[in-house]
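Q: Please take a close look at one part of this model, the ligand site. I would like a connected description of the site.

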Amino acid sequence: MCGIVGYNGKEKKSKEILIEGLKKLEYRGYDSAGIALKENNKITITKAKGKIKNLEEKLNENTTTLGIGHTRWATHGEPNEINSHPHQVGNITIVHNGIIENYKELKKELIEKKYEFKSETDTEVACALIDYYYNLELDIKKALAKFIDKVKGAYALGILVKNDDKLYSIRKDCPLVIGQGKTGNLIASDILAISNNAEKICYLEENTIAEITDKEVKLYNKNLEEIKPIFKEIPQGEYTTDKCGYEHYMLKEIHEQPKVFKNTTDKYVQNEIESLKKEMPDFKNYNKIHIVACGSAYHTGLVGKNLIEEYANIPVEVEIASEYRYKKNFYDENTLLIVVSQSGETADTLAALRKAKNDSIDTLAIVNVKNSTIAREAKYVLTTEAGPEIAVATTKAYSAQVATFGLIALNMALEKNIIKKEELTQILKEIKELPIQIENTINNCNYKEIANSIYERDDIFFIGRGIDYALCMEGSLKLKEISYIHSQAYAAGELKHGTISLVENNTPVIGIITEQNLKDKTISNIEEVKSRGAKTIIITNDNNIKNYDYITYLPKVHKILQPLLTVLPLQLISYEVARLRNCDIDKPKNLAKSVTVE
Ligand code: F6R
């Protein structure tokens, strides 16, 4: 997590460019922000706790052409000004995204060499280490090469050196892009942060040192041999990063889902469903699938498992990436690992991908950010077309991932020839109609009255069976992450094995019922909580279900597409509950959008 940005240009506007970039990177953390500006060999550092606007208020008019900036998601040390970046030790000033894992032993060694530390951060240790090597070598590139060899962990660094007018950067396991613009050169944790000021971009490779002046970008390997940078045009997209009149990005992104579904499915399915076979990798050889991801992306994997097992008859295991990467994995040469990630930078998901690659297992990534590390490293890539997702809580990227899993299940079923022609024709028709169904569901949803009736409660339960249970898990996560209400998702049949003791008079229980064959079973479980006083809220595609406190009726569509409608009331209810509780919806506390630490 954390976002970094840097500028070395001809025009005296580094403050403006860095602040603009930091605002775009705020999704990566907003515990504190800081900026270092260099003028006439003097480096001025300004820091502020909280969001970028607090930092902005502290900055004066400025006339510098070189600087670095940082927005923090705290890992080591509480989010106060001392622990904020940039950190400065001796000749070196740095901003850092990532975690230096061996910082404690490095700190001990540096203290023995008479270094003193003001903060609790691993970053200050990194800064001191670069300073130590710099004093030894009297050459910053040699110092950085030594740093790369010595340090364990993950980092993307922006570096300023006293009496030097260049900007330096290195990275390992954290993203970093270099931009070339009309007025100068930039670095940042992602393209969004520099897209207004850069015309071309180049991704910094690992073990490479970038030396950046206002005119040129030079790259060196660890032996300090020069490498030619390859700059590409910035990819253009149709999604804007404005709120477009919506009160929050989250609401805007919920409303973008019809377009996101269309753009994601259009890539693979045009006038005939068979086009999937051309557009997607050949899955014929795989007889076992592992899906690995974190958070909401993990929840899409649970939906994927349901669909692939049902339609393609292939066994699927879904695992949380932070567990998968450290456990014994039972795969063979016919196993496919599917990783799912909006950002394409999630540290644990990336590590799981690398682990499988190392074991010579084929990998497929479902990613939203096209040039992300995961997209670059996976064998096969299916990109979702959600556009930039700014709200920390995912909505449209979740849907795009679910849509992609639906298409994968269909493709696998097609390849095995186990799906009927009539069913395929029906699915194709429904895919074409779904954007309008999504729009209607959003516009007709009674989420406001439901939110009004539950926003003051302390505990909320979600229950469902089969694919609806996977949706419950997403609904519950969405609610707690943005509204800070405790909630839990249960397989409907499991509630009575303990948790039902928490259900009291008026405890909201949200029941999802879209699986026709499981409908009666889930209804029985809802009756069990109703008879114990629960407030019952039902989300269903069955118009015959009646007599509960609140019911949201969904259009009934093919099972492969149904989750794309079911998730909408869940997103909207969470949004509205958080709004009624005056929460910071787009930037919930303690969270960050891109989790590049494990
Ligand atoms: C929840 C949410 C997170 C992410 C998770 C994985 O709303 O957004 O749970 O799904 O952090 O992130 P990506 O998809 O970027 O790997």
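How many residues surround the ligand, and which are the closest?

A: The model is predicted. In it, the ligand is surrounded by 14 residues, and S341, Q342, S343, T346 and E481 are the closest. Sorted by class, this shell holds five nonpolar, seven polar and two charged residues. Two helices, α9 (295-312) and α16 (467-483), each contribute at least two residues to the shell.

For Q342, a polar backbone atom is 2.6 Å from an oxygen atom of the ligand. For V392, a backbone N or O atom lies 3.4 Å from an oxygen atom of the ligand. On its own the ligand has 410 Å² of accessible area, and the protein covers 89% of that.

The ligand takes up space in the second largest pocket. This pocket contains about 530 Å³ of space. Its lining consists of 28 residues, and those nearest the centre of the pocket are C294, G295, S296, K593 and V595. By class, the lining has 15 nonpolar, nine polar and four charged residues. At least two lining residues come from each of α9, β18 (335-341), α11 (347-358), α13 (396-415) and α16. Of these elements, α9 and α16 also each supply at least two residues of the shell around the ligand.

Note on methods: Residues numbered from 1 in each chain as written. Predicted model: local features only at pLDDT ≥ 70, side-chain atom pairs only at ≥ 80, totals over all residues. Heavy atoms only, no water. Near = heavy atom within 4 Å. Polar contact = N/O pair within 3.5 Å; in protein donor to acceptor, adjacent residues only side chain to side chain. Areas by Shrake-Rupley, 256 points an atom, 1.4 Å probe, with all protein chains shown as cover. 1 Å grid on protein atoms, 1.4 Å probe; cavity = no way out; pocket = protein on both sides within 12 Å on 5 of 7 lines; lining within 4 Å. Sits in = over half its atoms within 2 Å of the grid points. Helix = DSSP H or I, 4+ residues; strand = E, 2+ residues; numbered from the N terminus. Nonpolar A, V, L, I, M, F, W, Y, C, P; charged D, E, K, R; others polar. Points joined across faces, edges and corners; volume = space filled by probe spheres on them.
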